[in-house]
Amino acid sequence: MSGSRLGLLAGAAGVALIITGAAFAAPPDDRILPAEMHQSDKARTLAAKHGRALRDLSAEIYHCLPWVETRKHSIGFYKPRHVQDDRRFLSIRLYIEQEPSPQFARLSIEQRASAMFSRYVGAVLKRMTRQPAVRNDDTIDGFTVILEWLKQVPEGGQRPVHETIAAFVDKVDGESYLSGQLTMRDLATKARVLGWDGETSVGALKLAAWDDDFVSTFRVKNYQPDPTISCRQ
Amino acid sequence: MPHPVRLLLIGGALFAAAGCASNDEWTTWKDHRTHFASGEHMFFSVKNREGTSARVSRGDIAMARDEGWWGKPITVSQEQILER
């Protein structure tokens, strides 16, 4: 291969890297379910009305909790499957990147779920309700926080298995927690929490939660968030 | 020769001991909240990327995550939990 051709290839690779890097500088647009893809008038109205708040939430999670990942259509005004009426919960689904720990894996699923609930649900709830317009909107019926994590390191080319919990918090309980009237322990009692091992439901989980300040204290070593983003507790 | 029921009981007890965390382990986990610090394996590759500064950007993390991807996970679909 000639030197000029090699140079061209190297240049193209460099451009590709720059483009890739630029694309990673902001959360991808598809993290939020577009308003028109919600399937009820109530949900479409909420999504349109609070579009800015959803984009801010997506950006804050992306920049301030960089070990957490949202995927396509992770954020929206979804209806929990187990409710009958068109009750709309502001919902978010997060994949938590963490080192698979044998010690953590030896805990029971209720203990792992309690740990994850304690660590993330309150912190995410606060971020979901940053905007007073969201917090004060009585047509929002509640909040769903879905957390998933790698169960254990896959062996021998096997597909990784995730554990997932979905915490459904009614609006009144969320507000009581945010205003300090409910503790994290109380919130775990009031919330409906469902669990999955891979694709298999393990049903409703009874959790014993506690206050965990990990999200507000953990820092990725040497990580510099975008200076235009304000990372608050 | 041990009775088969006794063997079953012993086996069950060993399985339970191996499969569940002890109270000590649970207490340890609760008391040491950074015991499973998030993202350590992912950021290892970020820290060791040659020719880069110590400063880690969000783009670095996204690229490291893609490189360390375990493959398509087996996980519950969004549709099993929520409706649009």
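**Close-up views of a predicted two-chain model**

View 1. On one side of α2(A), D41(A), A48(A) and K49(A) are exposed, meaning over 50% relative accessible area, while buried means under 20% (1.4 Å probe, protein chains only). In this helix, which spans residues 41–49, A43(A), L46(A) and A47(A) are buried. These three lie on the same side of α2(A) because they cover an arc of only 95° around the axis, taken from the directions from the helix axis to the C-beta atoms. Helices here are DSSP runs (H or I, at least four residues) and strands are runs of E (at least two), numbered from the N terminus.

This is a predicted model, where local features need pLDDT of at least 70, side-chain atom pairs count only at pLDDT 80 or more, and totals for chains, interfaces and linings use all residues. Residues are numbered from 1 along each chain, chains are lettered from A, and side-chain values use heavy atoms, without hydrogens and water.

**View 2. What the buried side of α2(A) meets.** The buried residues of α2(A) pack against α3 (51–64) and β2 (75–80) of chain A, contact being heavy atoms within 4.5 Å.

**View 3. Where chain A meets chain B.** Chain A brings 64 residues to the contact and chain B brings 46 residues. Two salt bridges are counted between the chains, each a side-chain nitrogen of Lys or Arg within 4 Å of a carboxyl oxygen of Asp or Glu. E83(B) pairs with K79(A) in a salt bridge whose closest N and O atoms are 3.7 Å apart. Helix α5 (residues 109–128) of chain A gives the largest share of the side of chain A that touches chain B, five residues.
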